[in-house]
Amino acid sequence: MKPPAHNQPAGNTPLLSVRNLRIEFPTRRGTLVAIDDVSFDIARGEVLGMVGESGAGKSLTGAAIIGLLEPPGRIAAGEVLLDGEPIHTLPAERMRKIRGRRISMIFQDPLTSLNPLYTVGRQITETILTHRDIGEAAARKRAIELLAEVGIPAPDQRVDHYPHQFSGGMRQRVVIALALCAEPELIIADEPTTALDVSVQAQIIDLLKRLCRDHHTAVMLVTHDMGVIAEAADRVAVMYAGRLAEIGPVRAVVQQPQHPYTRGLMGSIPVLGADVHRLVQIDGAMPRLNAIPPGCAFNPRCTEAFARCRS
Amino acid sequence: MNMPAQTPAPVPDAPLLLVEDLKCRFEVSKPFLNRVIEREPRRWLKAVDGVSFTIDRGETFALVGESGCGKSTVARLIVGLYEASDGRIVFDGRDLGQLQSEAERQRIRRRFQMIFQDPFASLNPRWRVERIIAEPIRVFGLLNDDAAIRARVGELLTQVGLSPADGRKFPHEFSGGQRQRICIARALANNPEFLVCDEPTSALDVSVQAQILNLMQDLQDELGLTYLFISHDLAVVRHMADRVGVMYLGRLVEVADSRTLFENPQHPYTRMLLATIPDIKMEGKRHEIVRGEVPNPITPPPGCTFHPRCPLVNDRCRSEAPHLLPTARGHLAACHAIEEGRQ
Amino acid sequence: MNTLTEKSKTDSLLARILDSDIFHSFIRSPVTVVSAIVTVVMIVAALSAPLISPHNPFDPATLNLMEGFTPPMVANEFTGNVYWFGTDAQGRDIFSAILYGSRVSLLVGFAAVGLAAVLGITLGLMSGYLGGWVDALIMRIADVQLSFPAILIALLIFGVFKGIIPPAMQDQMAIYVLILAIGLSDWVQYARTVRSSTMAEKNKEYVQAARVIGVPAPLILLRHILPNVMGPVLVIATIGLALAIILESTLSFLGVGVPPTQPSLGTLIRVGQDYLFSGEWWIVLFPGMTLLILALSVNLLGDWLRDALNPRLR
């Protein structure tokens with residue numbers, strides 16, 4: 001699975017560059033390779049969708065980039081470059097500075113990313129103060145501006161409310177405001193809409209897309225939902241069993257998927273308007289990490305596999 | 001909607017299931033002592049507030065809506081996991097609320113089954129798969145000798161695409177999709193006619209979802225099953241259902257057959273829901289604006305509960321709750337705007 | 001990797017146990033292994049007391065008053081016999097007395113834990129599954145009981161039974177009364193734990209699936225819920241065993257437990273402390289040490305079990 005040529009956007013250094021990343025989990029039953037030889041770039045202001053089924057390693061890749069791998073997981077090989085500088089070898093203290101200032105995160109469950117004991121205003125203000133050299137009053141003013149920008153009505157009153165006083169969708173908006181307040185260059189959004197109702201999902205995707213365009217922020221959008229990718233991403237990376245199956249511009253991948261896995265994935269999604277009686281199905285299930293087949297990881301489920309795929 | 005006579009006789013072309021003005025409320029009051037001290041009244045959540053529909057033999061009827069709309073509560077009311085506070089559920093001519101003896105109840109129960117959402121919670125982790133699947137056979141006393149039960153379990157496992165040898169394993173040895181197959185095998189064990197499927201694929205990955213949906217369709221063709229299919233995913237509903245009911249805050253807002261509903265949605269909420277479906281093939285469809293969120297169901301808005309999010313709202317909508325009425329296009333819709341023709 | 005998948009297919013129970021995470025976490029904790037060995041050795045020794053003890057401390061015919069107060073590991077000045085742990089005033093071998101005493105202590109401990117567990121699990125299952133006024137009633141009783149120290153409850157129950165049972169039967173019945181008193185004073189923990197686990201399990205879909213096909217509530221509780229709430233119960237029971245043994249000793253030490261004719265570790269300590277200040281330290285020290293080591297090992301086992309069964313702490 002060599003990354004195709006269009007993986008490297010033309011021009012100067014990409015904002016984020018992941019090269020031959022390999023993540024291992026040593027266990028007492030041997031070492032599990034969770035991520036194997038994954039390479040991709042994210043350009044400034046670009047939205048890269050990272051799609052795959054549960055256990056494909058998409059969230060793990062995100063965690064590795066911002067240095068939040070849970071032990072005993074470790075980066076065994078490869079590098080993560082931010083603006084050409086390696087960041088996977090940085091000591092924890094310096095990594096913490098990058099996290100939040102230059103790269104920030106949005107998680108699936110808005111309730112766990114907000115501290116229930118503090119008002120949202122205080123949480124945003126504090127984050128602004130740790131990363132930027134401005135006074136408290138200015139930070140509060142900025143917090144209200146941010147809340148207005150993410151579409152929270154009456155932000156000058158809502159700024160003093162606690163997270164539980166917001167609805168699910170409004171909470172996720174606050175989380176996005178929090179992620180934006182240090183003006184980061186990259187946001188890693190891990191399933192930002194999965195916990196939300198469908199009608200709220202659409203609003204949050206639109207918001208994320210608009211804000212990142214306005215602020216020229218790059219986004220790595222991790223999701224299992226091809227629909228979210230089609231709505232929001234510029235390019236998409238399809239992951240399977242810890243490897244990249246396909247990467248390319250969204251329209252190309254969605255309309256003419258090249259990899260048999262991506263084709264199967266697209267065919268298995270029910271679509272409105274198309275009167276198909278049977279969905280395309282990929283037989284079997286993704287292998288567990290301790291039983292990844294040799295050769296191409298997808299070969300036992302692939303209808304087009306031949307001898308070379310198996311070795 | 002069919003309005004049946006007081007004592008419906010089991011007629012072959014009568015609907016298999018008839019639900020009439022079904023209501024269910026849950027108490028969400030504070031504990032007794034707090035209520036007395038804080039002088040608060042008891043508070044109720046109307047999870048289902050007057051829902052009526054019918055399901056014909058062999059068809060798939062889907063209930064669709066966002067979280068808190070009461071679709072899962074309807075499913076649980078039908079299979080008897082919750083008790084209705086009002087209304088009737090009539091299965092094949094028998095009012096489920098009027099059953100006299102436990103034996104009679106058991107005879108009706110034998111004829112329906114349920115498939116749940118979370119394949120990781122719906123199998124007892126301490127039981128082997130064969131015991132899980134055999135449970136309905138034993139409870140209903142369908143087979144008595146162990147060899148026959150084992151043979152039947154093997155047959156069921158084969159039917160859902162697993163191997164009879166899998167019966168010796170424990171649930172944790174299977175993936176999510178395989179577990180959902182085991183759940184389906186268990187649901188088929190007592191030869192039911194009617195399956196209530198509560199979000200059967202929403203915990204699964206899409207490629208596995210396709211496997212399960214295909215399996216469910218095959219089984220329906222093969223065994224002539226009737227499905228009540230609960231889902232929040234409109235594309236899945238469009239794929240599976242013959243007829244669809246759209247729910248919002250405990251009420252049905254629109255009922256129509258699947259094709260006309262998706263091609264020609266009438267109710268403003270249905271239209272909004274359809275607008276949320278991502279344009280997955282990127283064919284450049286334009287979206288209607290989606291706004292607002294589902295309100296807290298403990299304190300629903302007065303009148304039509306959708307009015308704060310509705311683009312067609314007027315004063316009547318704010319005070320008077322609409323009823324499900326036939327529309328010009330043959331749907332049933334609960335909307336003053338449609339009734340008055342302001343579109 | 002292939003051999004591993006092969007192995008997981010073998011169905012033998014032993015292979016499954018040896019391959020389990022619990023077993024590995026056990027092997028990797030030396031403290032736990034030592035505690036387990038000590039506990040097992042003490043239980044086996046207590047069980048086989050009649051076989052391995054050098055003397056029968058309750059057979060007056062074998063006692064020789066001349067051997068009274070023989071210090072440990074010192075030859076008696078009249079008979080020349082050597083006793084590992086010395087002898088008491090009547091010339092009773094302390095080591096044998098400890099073996100027989102541990103028997104009583106362990107018997108009371110296990111039986112009391114069994115009683116408390118059965119009572120607590122039953123009430124907890126009912127409370128959690130039925131909810132409503134049944135739950136309220138059981139839990140309020142539990143709250144009331146919890147507001148008194150366990151030893152007070154045990155003393156109260158003991159006192160009540162002392163009043164009921166005719167004096168002639170009292171010595172004979174003492175051990176059962178003791179079990180009852182300790183068991184009744186300790187059920188609350190089981191009930192609370194089982195209740196909260198039951199409330200979590202009963203909403204899981206496998207229980208609902210059983211309800212859909214009309215499995216009666218007692219069978220759902222017994223077959224579906226009970227096996228899935230036993231993990232935490234095992235932890236409480238292990239730690240509860242140590243507590244029950246200590247509680248038994250405390251009661252016996254206070255003189256309300258088993259009679260001196262059938263001494264437990266607590267009785268031995270009570271008898272021994274009379275001699276502490278006259279220099280015969282061994283009479284109290286060895287039973288005390290035995291109690292300490294037994295309680296400590298069982299407690300350490302319980303601690304390990306709690307951690308091993310709780311995936312969040314691993």
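**Exercise 1: The domain interface of chain A**

In this predicted model, the area buried between domain 1 of chain A and domain 2 of chain A is about 2300 Å², with carbon and sulfur atoms giving 65% of it.

Task. Determine which three residues supply 22% of the area that domain 1 of chain A buries against domain 2 of chain A.

Solution. 
1. Begin with the bounds: domain 1 of chain A comprises 5-102 + 184-310, and domain 2 comprises 103-183.
2. The centres of the two domains of chain A, taken over C-alpha atoms, are separated by 27 Å; domain 1 of chain A brings 31 residues to the contact and domain 2 of chain A brings 19 residues.
3. Identify the contributors. A:Arg101, A:Pro184 and A:His215 supply the 22%, more than any other three residues.

**Exercise 2: Elements and polar pairs in chain A**

Task. State which element gives the most to the side of domain 1 of chain A that touches domain 2 of chain A, and how that side divides by class.

Solution. 
1. Count the pairs across the interface of domain 1 and domain 2 of chain A. Twelve residue pairs are in polar contact, both residues being at pLDDT 80 or more, while the count of salt bridges is zero.
2. List the elements that give two or more residues to the domain 1 side: α2 (92-101), β7 (186-190) and α8 (198-215) of chain A.
3. Select the main contributor: α8(A) gives the most, with eight residues.
4. Divide the domain 1 side by class: 18 residues are nonpolar, five are polar and eight are charged.

**Exercise 3: The interface of chain B and chain C**

Task. Describe the contact between chain B and chain C, and state which element of chain B gives the most to the side that touches chain C.

Solution. 
1. Count the pairs between chain B and chain C. There are zero salt bridges, and eleven residue pairs are in polar contact, with both residues at pLDDT 80 or more.
2. Locate the elements. On the chain B side, α3 (102-109), β6 (112-115) and α4 (129-139) give two or more residues, and α4(B) gives the most, with four residues.
3. Complete the description by class: the side of chain B that touches chain C has twelve nonpolar, five polar and nine charged residues.

Note on methods
Residues numbered from 1 in each chain as written. Chains lettered and ligands numbered in written order. Predicted model: local features only at pLDDT ≥ 70, side-chain atom pairs only at ≥ 80, totals over all residues. Heavy atoms only, no water. Domains from an automatic or database assignment. Contact = heavy atoms within 4.5 Å. Buried area = accessible area lost by both parts, 1.4 Å probe. Salt bridge = Lys/Arg side-chain N within 4 Å of Asp/Glu carboxyl O. Polar contact = N/O pair within 3.5 Å; in protein donor to acceptor, adjacent residues only side chain to side chain. Nonpolar A, V, L, I, M, F, W, Y, C, P; charged D, E, K, R; others polar.
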